[in-house]
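Biologist: Got the model open. Can we go through the packing?
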Amino acid sequence: MPSWQDFQPFIVSGLALGGAYALSGVGIVVLYQATGVVYLAFGAVGAMGALIAWSLANAGTPGWAAWLVCVLFGGAVTLAYGMSFGPPLARRDPLVKAVATLGLTLVLFGVMDLLWTTNGGQSRAITLPTDGGGFTVGQVQVTWTQVIGLAAGIGIVVVTEVFLRHTKLGTAMRAMANDREITATLGVPVRRVEAAAWFGCGVIAGVAGLLLADLVALDATTLTFLVISSLAAALIARLRSIVVTFLAAIAIGLIHDLLTPIQSLTNYRDMTPFVLAAVALLVLPRDPVITRSREEI
Amino acid sequence: MKTREHAPRVGAGAKRGGGKTRARGAAALAAVIAVAAAAGCGSNSTSGSPSGSATTNKASTVTDTSQCGTKPGVKATGTRIPLGGIVTNQPGTSFTDIANMASAYFTCVNNNGGINGHPIKYYIETEQTNPAQVAADANKLVQTDHVVGIVGNTSIIECSVDHSYWEKLGYSIVDSGIAPECYSTPNSSAVNMGPRYSSDGAVQYALSKHVSKIVFDQSNVPGTGYIAAGPSALAAAAHVPIAQLTENVPISDASSVAIKEVDAAGPNGAVVLNFTPPEALVILQAAQKLGLENRVKLWGCSTPCNTDFLAHALGPKWNNKLFVNAELTPPDSTNSPAMNLYLAILKQYGKAVSGGVGSFSQMGFAEAEILIHALESVKGSYTVTSVNSAIKAVSDFSTGMLCQGWTYGNFPMHIPNNVDYTVTPDNGKMVTAQGCTPISAVDPQIAAYRKAAGTG
């Protein structure tokens, strides 16, 4: 078993990764609360935004403009999907809605494979200015990007909590989460509220894509399927609590990275999100939000 | 499967009439932004990719493609000589550049006299790592397309699946090897060294710099034990400890992987990677972000890292710090007729070669060269027997892409490329760090081949 000192660098990397997972997880939960859709295309949208940013930066576009396009791309694609497919699927089973977003994932994945091929040894990377700086804790180097990863996770939780509790739009989203039809009959413009939720989720996907492209890899496959860790965090929180989603994401990131130096477990660390989500779903009491069926709707 | 021959409203919405128009308008606008961004970036992705394009343009003016054949400018019109190849092409793993480069060479030959007036018809089958599909591809090439030779095969599993079939039918395959059977069976001979021997080369270079420990890390995929055996033998012979690591791919925690490697190697040790370029890049970049690149004596990598894409993405911090085994002659420092012809063909006929100048297209060029050389030696008609006998008879043939002459021969195993270069990044490009150096015969497979070939 490695010593405590050996584990220290993995705590830093695990917290940063967990923060980025939390960002995605919170986006998934907020959208689910507002629309009833488990957005499986979260990773693919972020991946494509990041690849677009890479292309723009390579073509001479200033970095900040490329990153902005990445974030706006996430918002635009998600809004377009939500407005196009949200209404027809509104009364369908939650599983159908989720699978429909899987369709979007596959479309985006195919486009990325076509436009940003890895043929001939092509490899890409996004480097943020915050990668260069940082500080040292003991013997562990911490980059500003890692700090931002964790801070973004905390920030999104705080901002989302405040938004949902203290703004008119946030209150409308919470009302829709309780009962969409009654909320509509009370005069709440549900389409507009949904649009805001879709766009907001897309923006978060763009930010998460950019961060994860730097912290993990600028690779379509990797980023597309990183949503699994975020989804596991959201499931542990039963697609309901933003704070629990954050804590679960941090736990997933930490446990995943802390298993790295343990020789006997290192090759099993990718199972972390699945194991934690499975345990949570088996042990925690069943929740009406995620067991809501078509009959109930 | 693809063949190159053919290439060249639901009720819920009704209740929401109020915001419908505005919402649709917003959705349409969002879609336009998204599509415009994606379209713009698609075109940029090619032009923005770093490569040796400057070298390409300069060199290609030296040699023109009319040298492909014996009758410049005259199209071959005789009976077609059908050849085939099988390549992996799936999301994340595509070797089509190799076959596409071979195809470009064959087209050039066809436009300049062909093989004694006969044009080559090249059939490319793609597969997605499905054994049944790979077997069916081989069957189709033989029974439907009636190919007389197999060239350009580059597949994760093709050698394992098809080698018995080729042996039974008497085909002598010229390929780019990946699976062990590409090197250890009598009817497959590769122009590249493959992951094991390339890793040998990278470890051998690190050992020559007197490192105190080797950490060898590779993808956790089937065959890791076979690959690891070579570096282990080299390290054992040098009495240097070696730690063998594997990583699940795609890597989702590059920082922790880099920390683990550096911790295991120690300050006077070396970390040697055997990954695809994107995976190697994320590890190396994570190391750089955490300031780990100087925490070991040197970093090494097998051939896949030998791309200008990687050198460009890494930047100058890795100059003379990362040493990459190179199985093929570095294009930037070579001005030979073969290299210039390669660059000229790539420029004129290589539109389908998306990676441009690089190891993959060099392999395709070398394999096509070997086939053309073999076909030109055939007397009489081009049959499976005559063509494959000619292929098997290729001996000490200078491809211009390898350190040494390439030989097929009638051997139980084939590792004809066993002398290699080492390159290092130099401000965004890979440059030669060490010239041609034989892979150590401490690796028992190399020793066995040299003994069989009579070169040991």
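Biologist: What covers the buried residues of helix 11 of chain A?
Modeller: The cover includes helix 1 (4-35), helix 5 (144-166), helix 10 (227-236) and helix 12 (272-283) of chain A, along with helix 9 (254-265) of chain B. Helices here are DSSP runs of H or I, at least four residues, numbered from the N terminus. Contact means C-beta atoms, placed from the backbone, within 7 Å.
Biologist: Which residues are buried there?
Modeller: Among them are A:I242, A:F246, A:A249, A:I250, A:G253 and A:D257. Buried means 20 or more other C-beta atoms within 10 Å of the residue's own.
Biologist: What are the ground rules on numbering and confidence?
Modeller: This is a predicted model; local features need pLDDT of at least 70, side-chain atom pairs count only at pLDDT 80 or more, and totals for chains, interfaces and linings use all residues. Residues are numbered from 1 along each chain as its sequence is written, and chains are lettered from A, with ligands numbered from 1, in the order written.
Biologist: How many residues has the largest nonpolar core?
Modeller: 234 residues. Such a core joins buried Ala, Val, Leu, Ile, Met, Phe, Trp, Tyr and Cys through C-beta atoms within 7 Å. A:A50, A:A53, B:V272 and B:I283 have the most contacts inside this core.
Biologist: Which helix gives the most to this core?
Modeller: Helix 8 (residues 190-215) of chain A, with 17 residues.
Biologist: And what does B:V272 touch?
Modeller: Its contacts include B:V203, B:I214, B:F216, B:P231 and B:C301, leaving out residues up to four places away in sequence.
Biologist: Switching to domains, what is the assignment for chain B?
Modeller: Domain 1 (65-193 + 330-417) and domain 2 (195-326). The bounds come from an automatic or database assignment. Their C-alpha centres are 30 Å apart.

Technical notes: A residue is buried if 20 or more other C-beta atoms lie within 10 Å of its own, exposed if 12 or fewer, and partly exposed in between; C-beta atoms are placed from the backbone. Helices (H or I, at least four residues) and strands (E, at least two) are DSSP runs, numbered from the N terminus. Two residues are in contact if their C-beta atoms, placed from the backbone, lie within 7 Å.
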